[in-house]
Amino acid sequence: MHTIIETERLRPFVEADAVAYVPLVTDPDVVCYAGGPEPDTLQGVREILRSAPLADYARYSYGRFARQSYAYIEDMGMAHIVEQLEKLNDYTVRFKLRQPEAPFLAKVDLAK
């Protein structure tokens, strides 16, 4: 039997967290300790979620936690805007959007 612990601030990761998980798995200061390849697409981020946090829950009955809410990012529709994410170097990431989206840069800046 597995017990899932959730608090006002923390909850287990789910695949829908992929867009919000991008900054974590592409930050060189984090990746150097976590190991493994850095994803170059949103699908790659989803695969990392499946193979690490989500697999840890099944394997060990515990794992990393996510913030309780990414409501602001979800409300902006980021998951529906971004088609692909590509790391060009340690300081540059390229977003491929599904369609023209003029306010995208403002949304990314406000998501910090």
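Tutor: Let's begin with a rule: rings of Phe, Tyr and Trp pair if their centres lie within 6.5 Å, and planes over 60 degrees apart count as edge-to-face. Keep in mind that this is a predicted model. By that rule, the count comes to 1 aromatic pair.

Student: What makes the rings of Phe13 and Tyr21 an edge-to-face pair?

Tutor: Their centres are 5.0 Å apart, and the cut-off for a pair is 6.5 Å. Their planes stand at 70°, and edge-to-face begins over 60 degrees. The pair is therefore edge-to-face.

Student: Are Phe13 and Tyr21 buried or exposed?

Tutor: Both are buried, a word that stands for under 20% relative accessible area. Phe13 and Tyr21 also belong to the largest nonpolar core, which has 13 residues; together with Val45, they touch the most other members. Helix 1 and helix 3 each supply at least two residues of this core.

Student: What does Val45 touch beyond its neighbours within four places in sequence?

Tutor: Val45 is in contact with Ala18, Tyr21, Val22, Val25 and Pro39. Here, contact means heavy atoms within 4.5 Å.

Student: Why is helix 1 called largely enclosed by the rest of the structure?

Tutor: Count its buried residues: 7 of the 9 are buried, so the helix is largely enclosed. Those buried residues are Ala18, Val19, Ala20, Tyr21, Val22, Val25 and Thr26.

Student: Now for the opposite case. Why does Gln99 count as exposed?

Tutor: Exposed means over 50% relative accessible area. Gln99 has 52% relative accessibility, so it counts as exposed. You will find Gln99 in the loop between strand 4 (92–97) and helix 6 (104–110).

Student: How much space lies in the second largest pocket?

Tutor: About 240 Å³. Of the 14 residues lining this pocket, the closest to its centre are Val25, Ala34, Gly35, Ile48 and Arg64.

Student: Which helix gives the most to that lining?

Tutor: Helix 3 does, with 4 residues. Helix 1 (18–26), helix 2 (28–34) and helix 3 (42–60) each supply at least two.

Student: What is the make-up of the lining by class?

Tutor: The lining of the second largest pocket has 10 nonpolar, 3 polar and 1 charged residues.

Terms used
Residues numbered from 1 in each chain as written. Predicted model: local features only at pLDDT ≥ 70, side-chain atom pairs only at ≥ 80, totals over all residues. Heavy atoms only, no water. Buried < 20%, exposed > 50% of the residue type's maximum accessible area, 1.4 Å probe, protein only. 1 Å grid on protein atoms, 1.4 Å probe; cavity = no way out; pocket = protein on both sides within 12 Å on 5 of 7 lines; lining within 4 Å. Points joined across faces, edges and corners; volume = space filled by probe spheres on them. Nonpolar A, V, L, I, M, F, W, Y, C, P; charged D, E, K, R; others polar. Core = buried A, V, L, I, M, F, W, Y, C linked by side-chain atoms within 4.5 Å. Phe/Tyr/Trp six-rings, centres within 6.5 Å; stacked < 30°, edge-to-face > 60°.
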